[in-house]
Amino acid sequence: MGTKISWKRPDGKEASGYFVAAGAPNAPSVVVIQEWWGLQDQITGIADRFAAAGYNALAPDLYGGVVVPYHDREAAGKQMGSLNFLDAVDQSVRGAAQFLQGFGSKVAITGFCMGGAVSILAACRVSEFACAVPFYGIPPDAVAKPADVKIPLQCHFANTDDWCTPAAVNGFEAGLKAAGKSFELYRYDAEHGFVNEQRTSAHARQETELAWSRTLAFLKKHLA
């Protein structure tokens, strides 16, 4: 189990989140970005799972302590809509990467839903990351185009997704190919949010475990 910590952003302000150490010296690290529900227990549980797999894991609290109940989509939308994404990426998330670099090894980023979009933004803007693993989230072209991606990606999307739609995924994949980017992209016969076991209506266990095994293989390749 981990603990709540704070760290310095590049602008000198403080950010906070959930940190769990791998327990081994010079272990690689992963920044884990929340869904639009906030820093739910499910996200800290993913950080714990990364630690058990041998990674230091840090999940920034991008909502400053606000956690939205799963049934309240309106409140989640308001929280996400009020988030300054570029400040979150350039300051809180980059600061998290810099903090983890202090452990002496490479750092990756992953995220889910809103966090998937944040992960791709970070792949375009934060030089401290070695690779990114976004789940069912794509930022608008106005802030990050596929051609802007600077690090290897492994992307996971759901075929039944009314937010990060199959058409949007196809366009994103085409943009990555056209720009000659290093990426893997996987589609699953599942719903948006399928990794979240706390949302039983959407969770798909078999697809989640397949995505997890692919994620670990990708991180082993790029963080070695």
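Let us begin with strand β6, residues 131-135, which is mostly covered: five of its five residues are buried. Here, buried means under 20% relative accessible area, while exposed means over 50% and partly exposed lies in between, using a 1.4 Å probe and protein chains only. Strands, like helices, are DSSP runs numbered from the N terminus; a strand (E) has at least two residues and a helix (H or I) at least four.

Before going on, please keep in mind that this is a predicted model, in which local features need pLDDT of at least 70 and side-chain atom pairs count only at pLDDT 80 or more, whereas totals for chains, interfaces and linings use all residues. Residues are numbered from 1 along each chain as its sequence is written, and side-chain values use heavy atoms, with hydrogens and water left out.

Back to β6, where both faces are covered. Cys 131, Val 133 and Phe 135 are buried on one side, and Ala 132 and Pro 134 are buried on the other. On the way to its neighbours, note that two strands pair if DSSP finds at least two bridges between them. Strand β5, residues 107-112, pairs with β6 in the parallel sense over five bridges, and Thr 110 has Val 133 as its bridge partner in β6. Right-handed means that, with the strands pointing away from the viewer, the path from the first strand over the helix to the second runs clockwise.

Strand β7, residues 153-160, is joined to β6 by two bridges, and the two run parallel. Here Ala 132 stands opposite Leu 153 in β7. Six of the eight residues of β7 are buried, so this strand is largely enclosed by the rest of the structure.

His 156 is buried, with a relative accessible area of 0%. Its side chain makes a polar contact with the side chain of Gln 154 at 2.9 Å. A polar contact is a pair of N or O atoms within 3.5 Å; within protein, one must be able to donate a hydrogen and the other to accept it, and residues adjacent in sequence count only if both atoms are side-chain atoms. Leaving aside neighbours within four places in sequence, His 156 is in contact with several residues, among them Val 133, Phe 135, Tyr 188 and Arg 214, where contact means heavy atoms within 4.5 Å.

Moving on, β7 and strand β8, residues 183-191, pair in the parallel sense over seven bridges. Ala 158 has Tyr 188 as its bridge partner in β8. Together, β7, helix α5 (residues 166-178) and β8 make a right-handed β-α-β unit.

Now step back to the whole sheet. Eight strands form an open sheet with mixed pairing, in the order β1-β2-β4-β3-β5-β6-β7-β8. At the edges stand β1 (3-8) and β8, each with a single partner strand, so one side of each is left without a neighbour in the sheet. An antiparallel pair is made by strand β2, residues 14-20, and strand β4, residues 56-60, over four bridges. In this pair, Phe 19 stands opposite Leu 58 in β4.

Our last stop is Ala 27, in the loop between β2 and β3 (29-33). Ala 27 is buried, with a relative accessible area of 5%. Ala 27 and Val 107 are 80 residues apart in sequence and 9.6 Å apart in space, C-alpha to C-alpha.
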